[in-house]
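Here are my notes for you to read alongside the picture. Take the points in order, and keep the model open as you go.

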Amino acid sequence: MRVAPECLSAERLAGAIALGEATDAERGRYRAHLARCARCLDQLGGEREIERVMITVAHARDDERWEPRLAGARAARRGVRAAGIATAVAALLVLVVAVSWGERPKTPTHLRAPLSAAESRALAALDTQTFAAPAGRAESLTVGASTISASLRVTVDGRGVPLRCTIAKSSGDRALDAAICRAALHARVPSAATGR
Amino acid sequence: MKSDVEACRGLDATALAQSRAESLVLAYQTKIARFLRRMVGDAEVALDLTQDVFLSAYRLLAADPRRELTPGWLYRAATNAGISHLRRKKILRILPLDREVDRPCASLRTWRVDEQSVASVDLQAALARLNADQAAALLLTSYAGYSSSEAAGILGTTADAVRQRVCRAMRTLRSTMREGTE
């Protein structure tokens, strides 16, 4: 809505009256404007009305009893912040435990059965077990349970004792190939002794 | 490497800055905090903003311990902090998660409890309806006691503009009081 320039001027005069800064001449001009502008009379009010409203502000200022305690507020906020950090850390721990529990590799069914002595020896020879054999699980084998295959050729003597091992088809990992061969060299092949 | 004399000078400057910052805090923390509380309508926010104001003052003094920081500077910093907060709040008001205490009617309840003053309640309800510039002009003049030209210097505007903002703030205050009595 467009306000007439005289009304804008009256607003400034009313502001001056409200702040107690208006001169007698300015008060006279304001009164003269109100006498011919009903809108300003309604919206701004006369001098007494302006002063009455401004007294409210003065009373509110004088009634102010709030004593700010900056140090207390800072300590309280620090407490809140510390509690927040503790909660965040706790939540993070819970999350990490939950994620690691969820991602914990499931032991394949074929490994859940107790291992035979030969299997245990073979697995021990791989040197990749992450915890002691008595637990009965070769957890390391279950990490990323994807299948890795390799072909090897093992030469055995008449007693079934492996003499030589060569990799016919690599698993893709030299260390794994070597470990497979080491395991194979530790194995015994009784069928070779019996001729079966 | 700093010489001993330079180190002592640095120490003196730091001590001087701290001492001047402490005097400022002791002399003006209540006034600035009350001013900001009226402006933003929330005691906790006012305390936060007050701290920001004095932190800025301390940084300036730490950089130049001889610098003159007037009460006007503090009120200017407080006004700018209050205006920034109110503008941010205005943007956040479109979100449904607005804090209860920041709403005008809630602010009425809050202030009635701790001040027991009808005048105070009316003022706070009216301030909640004002735009930031009008609230700043009204509080700097009627609450902090600055003249319109001094407030104009703080707000970076003219005395006439301050008077006009005071008038518009007063108009809102008047209509709020009218609603209260009806």
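1. Start in chain A, where α1(A) and α2(A) cross in a left-handed way (the near helix is turned anticlockwise from the far one by less than a right angle; clockwise would be right-handed). Helix α1 covers residues 5-18 and helix α2 residues 24-36; they pack at an angle of about 130°, with their axes 10 Å apart. Axes here are lines fitted to C-alpha atoms, for helices over the stretch in contact, and angles run from 0 to 180 degrees between N-to-C directions. The angle makes α1(A) oblique to α2(A), given that under 35 degrees counts as roughly parallel, over 145 as roughly antiparallel, 65 to 115 as roughly perpendicular and the rest as oblique.

2. Which residues of α1(A) and α2(A) make this contact? From α1(A) come A:Glu6, A:Ala10, A:Leu13, A:Ala14, A:Ala16 and A:Ile17, and from α2(A) come A:Glu26, A:Arg27, A:Arg29, A:Tyr30 and A:His33. Being in contact requires C-beta atoms, placed from the backbone, within 7 Å. The contact of α1(A) with α2(A) holds 6 nonpolar, 1 polar and 4 charged residues; Ala, Val, Leu, Ile, Met, Phe, Trp, Tyr, Cys and Pro count as nonpolar, Asp, Glu, Lys and Arg as charged, and the others, Gly among them, as polar.

3. A word on what you are looking at: this is a predicted model, in which local features need pLDDT of at least 70, side-chain atom pairs count only at pLDDT 80 or more, and totals for chains, interfaces and linings use all residues. Residues are numbered from 1 along each chain as its sequence is written, while chains are lettered from A and ligands numbered from 1 in the order in which they are written.

4. Now step back to chain A as a whole, with its 10 helices and 2 strands. Helices (H or I, at least four residues) and strands (E, at least two) are DSSP runs, numbered from the N terminus. In order, the elements run α-α-α-α-α-α-α-α-β-β-α-α. Chain A has 196 residues, and 13% of them count as buried (20 or more other C-beta atoms within 10 Å of a residue's own; 12 or fewer is exposed, in between is partly exposed, and C-beta atoms are placed from the backbone).

5. In chain B, have a look at helix α6, residues 132-143, where 10 of the 12 residues are buried. Among them are B:Ala136, B:Leu140 and B:Tyr143. Just after α6(B), B:Gly145 takes a positive phi of about 85°.

6. How do α6(B) and α7(B) pack? Their angle is about 135° and their axes are 9 Å apart, with α7(B) spanning residues 148-155. The two are therefore oblique to each other, and the crossing is right-handed. B:Ala136, B:Ala137, B:Leu140 and B:Thr141 of α6(B) meet B:Ser148, B:Ala151, B:Ile154 and B:Leu155 of α7(B). By class, that contact has 6 nonpolar, 2 polar and no charged residues.

7. Is B:Ala81 buried or exposed? B:Ala81 counts as buried because it has 23 C-beta neighbours inside 10 Å. This residue lies in helix α3 (residues 71-92) of chain B. Leaving aside residues up to four places away in sequence, B:Ala81 touches B:Leu49, B:Asp52 and B:Val53. B:Leu49 is 32 residues apart from B:Ala81 along the chain, yet their C-alpha atoms are separated by 6.4 Å.

Note on methods:
Contact = placed C-beta atoms within 7 Å.
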